[in-house]
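Trainee: I am new to this structure. Could you take me through the terms used for it?

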Amino acid sequence: MVERQNTLKKKISLSIDLTKEDIHSTNINLIVDSINQMEANQSSNKWFASIELHIFEEDEPDSNQNMTKMKLYFTELVKKLPYFLFYINPTGDSHLKIITYLADDLKSNSKEEPRLSGKIGYKMIEAIEDHVNRIGFESEHEGLLEIYQLISDSIKEEDLQCGFL
């Protein structure tokens, strides 16, 4: 009898509802604690954990006050865990919404796509790369490459660094 190891990777998903109170009080602990718990329980590349993020939005989602609160919330999250996008489930539009909230231009009526400062964009990319190496995740994973591309495509043209990716 030949014993086979199960090499299939398990996918663990967690659903988080960000409330108006979380956002307005800049309470990033729910996401930070969830990611820290996932990291503590993750044994090198055995499973991939992701967070399905549901973001509360005001009745007027494009109001400048709401955009400012969202920007503050996600800016604080980037300061604490700059690689957090690695854990956000890429299905849906969560990544794009988060990048929109992190963008420098908060004009709600702008027809141009939101643009990240190079400082934030490259900080996130470098932190994700470091994190991936630290946990032993496959650096060529399709979802990971999509995250890198989304972030790099969102960086302001004047902040682009030739040959970064």
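Mentor: This is a predicted model. Start with the rings: Tyr73, Phe74, Phe84 and Tyr101 are linked into a cluster by ring pairs. A search of the whole structure finds 5 aromatic pairs.

Trainee: What makes the pair of phenylalanine 74 and tyrosine 101 stacked?

Mentor: Their ring centres are 5.8 Å apart, and rings pair if their centres lie within 6.5 Å. The planes are 5° apart, and planes under 30 degrees apart count as stacked, so the pair has that name.

Trainee: Which parts does the pair tie together?

Mentor: Phenylalanine 74 lies in helix H3 (residues 64-80) and tyrosine 101 in helix H4 (residues 94-102), so the pair ties together parts that are 27 residues apart in sequence. Both phenylalanine 74 and tyrosine 101 are buried, which means under 20% relative accessible area.

Trainee: Why are H3 and H4 called roughly perpendicular?

Mentor: H3 and H4 pack at an angle of about 100°. Angles of 65 to 115 degrees count as roughly perpendicular, and the two helices are therefore described that way. Their axes are 8 Å apart.

Trainee: Which residues make the contact?

Mentor: From H3, they are Met67, Met70, Lys71, Phe74, Thr75 and Val78; from H4, Ile98, Thr100, Tyr101 and Leu102. By class, the contact has 7 nonpolar, 2 polar and 1 charged residues.

Trainee: How do you know that the buried residues of H4 line one face of the helix?

Mentor: The buried residues in H4 are Ser94, His95, Ile98, Ile99, Tyr101 and Leu102. Seen down the axis of H4, they fall within an arc of 160°, so they line one face.

Technical notes. Residues numbered from 1 in each chain as written. Predicted model: local features only at pLDDT ≥ 70, side-chain atom pairs only at ≥ 80, totals over all residues. Heavy atoms only, no water. Phe/Tyr/Trp six-rings, centres within 6.5 Å; stacked < 30°, edge-to-face > 60°. Helix = DSSP H or I, 4+ residues; strand = E, 2+ residues; numbered from the N terminus. Buried < 20%, exposed > 50% of the residue type's maximum accessible area, 1.4 Å probe, protein only. Arc of directions from axis to C-beta. Axes fitted to C-alpha atoms, helices over the stretch in contact; angles between N-to-C directions. Parallel < 35°, antiparallel > 145°, perpendicular 65-115°, else oblique. Contact = heavy atoms within 4.5 Å. Nonpolar A, V, L, I, M, F, W, Y, C, P; charged D, E, K, R; others polar.
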